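Here is a short report on one protein model and its ligand. Please look over the sequence and the structure before reading on.

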Amino acid sequence: MKNLWIEDNLKQVKERIYAACQSAGRNPEEVKLLLATKTVAAEKINRAIDAGETLIGENKVQELQQKYSLIGNDKANWHFIGHLQTNKVKEVLKYVTCIHSVDRLKLGKKIHNYLSKENKKIDILVQINTSYEESKFGVSPEDALSLIEQLTELDTLRIKGLMTIGKLSADEREVRKCFRLLKSIQQQVIEQNYPGVEMGVLSMGMSGDLKVAIEEGATMIRVGTAIFGERMYPDSYYWNEQTTVSDS
Ligand SMILES: *Cc1c(COP(=O)(O)O)cnc(C)c1O
């Protein structure tokens, strides 16, 4: 008998998205589901793809390379959602259609340098540290506007919106505050009318806080655990690498 848990979990996540949209008076079509697949084997990802999913988000270059070589891009659209070191940019650009984690000018410039040589463009989101936690990457809310303004000079970057990781807190108000802040920064950016900047995407919400994120305006949620189960590695391994601290 085939083990159906990935399919069942997906169905449950869809139901949670639907319920959150209902309670927020939103159209479920407005909320895209991106599978956060760090540590998840290609065969499991393929199960989700067979069930109709298309958006895959990876955090690490090596995992991205491995799984991309097994899954390809016929049915899957790969995004990069992890902290990106500038020396990994060239490799990442071979596989992904969107980078959620642009959080500093140096990184934007590096991406731009590679793409302008090849006459290509890419979708990006600007990652904001809405929880003000030291351990999280992302530009501070105070510096977001000036970073975005500087990124507009780099015409290979199609700025599509913002991304954040909400505070990992049992206090829902603390979590909601992060998502509200992202929404308010989105509004401020829209008011600036920067040329070429679109702000349609708000990438926020994960397994534990997707309901709150959807209520606060998420258009893309990134879900791992609720679909694929618990991971062996703590998230700090992905979110707070010692080796990347000097790469600012
Ligand atoms: C792991 C991860 C997620 C998904 O987290 P879950 O709690 O497993 O749903 C979302 N976004 C980013 C950036 C991640 O690294």
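How many disulfides does a search of the whole structure find? The search finds zero. The model is a predicted one.

A disulfide is a covalent bond between the sulfur atoms of two cysteines. Take Cys 21 to begin with. The cysteine sulfur closest to its own belongs to Cys 98, and the two lie 20 Å apart, so they are too far from each other for a bond. The cut-off for a disulfide is a sulfur pair within 2.5 Å. Seen from Cys 98, the closest cysteine sulfur is that of Cys 21, again at 20 Å and too far for a bond.

Both residues are covered. Cys 21 counts as buried because its relative accessibility is 1%, under the 20% limit. Cys 98 has a relative accessibility of 6%, so it is buried too.

## Strand pairing

Cys 98 also has a place in the strand pairing. Strand 4 (residues 98–102) runs parallel to strand 5, and three bridges join them. The bridge partner of Cys 98 in strand 5 is Asp 123. Strand 5 covers residues 122–127. Five of its six residues are buried, which leaves the strand mostly covered.

Strand 1 (residues 32–36) and strand 2 are also parallel, joined by two bridges. Leu 35 has Ile 56 as its bridge partner in strand 2. Is strand 2 (residues 55–58) covered on one side or on both faces? Both faces are covered. Leu 55 and Gly 57 are buried on one side, and Ile 56 and Glu 58 are buried on the other.

## The ligand and its shell

Which residues are closest to the ligand? They are Lys 38, Asn 59, Ser 207, Thr 225 and Arg 231, out of 13 residues that surround the ligand. By class, the shell holds six nonpolar, four polar and three charged residues.

## A buried glutamate

Where is Glu 216 found? Glu 216 sits in the loop between helix 8 (210–215) and strand 8 (220–223). Its relative accessible area is 12%, so Glu 216 counts as buried. The side chain of Glu 216 has a polar contact: the side chain of Arg 176 is its partner, at 2.7 Å.

Thr 39 is not a glycine, yet its phi is positive, near 70 degrees. Thr 39 belongs to the loop between strand 1 and helix 2 (42–50). With 32% relative accessibility, Thr 39 counts as partly exposed.

Tyr 132 is another non-glycine residue with a positive phi, about 55 degrees. The loop that holds Tyr 132 lies between strand 5 and helix 6 (144–151). Is Tyr 132 buried or partly exposed? Tyr 132 is partly exposed, because its relative accessible area is 45%. That value falls between the 20% limit for buried and the 50% limit for exposed.

Note on methods
Residues are numbered from 1 along each chain as its sequence is written. This is a predicted model: local features need pLDDT of at least 70, side-chain atom pairs count only at pLDDT 80 or more; totals for chains, interfaces and linings use all residues. Side-chain values use heavy atoms; hydrogens and water are left out. A residue is near a molecule or strand if one of its heavy atoms lies within 4 Å of it. Ala, Val, Leu, Ile, Met, Phe, Trp, Tyr, Cys and Pro count as nonpolar, Asp, Glu, Lys and Arg as charged, and the others, Gly among them, as polar. Buried means under 20% relative accessible area, exposed over 50%, partly exposed in between (1.4 Å probe, protein chains only). Helices (H or I, at least four residues) and strands (E, at least two) are DSSP runs, numbered from the N terminus. Two strands pair if DSSP finds at least two bridges between them. A polar contact is a pair of N or O atoms within 3.5 Å; within protein, one must be able to donate a hydrogen and the other to accept it, and residues adjacent in sequence count only if both atoms are side-chain atoms.
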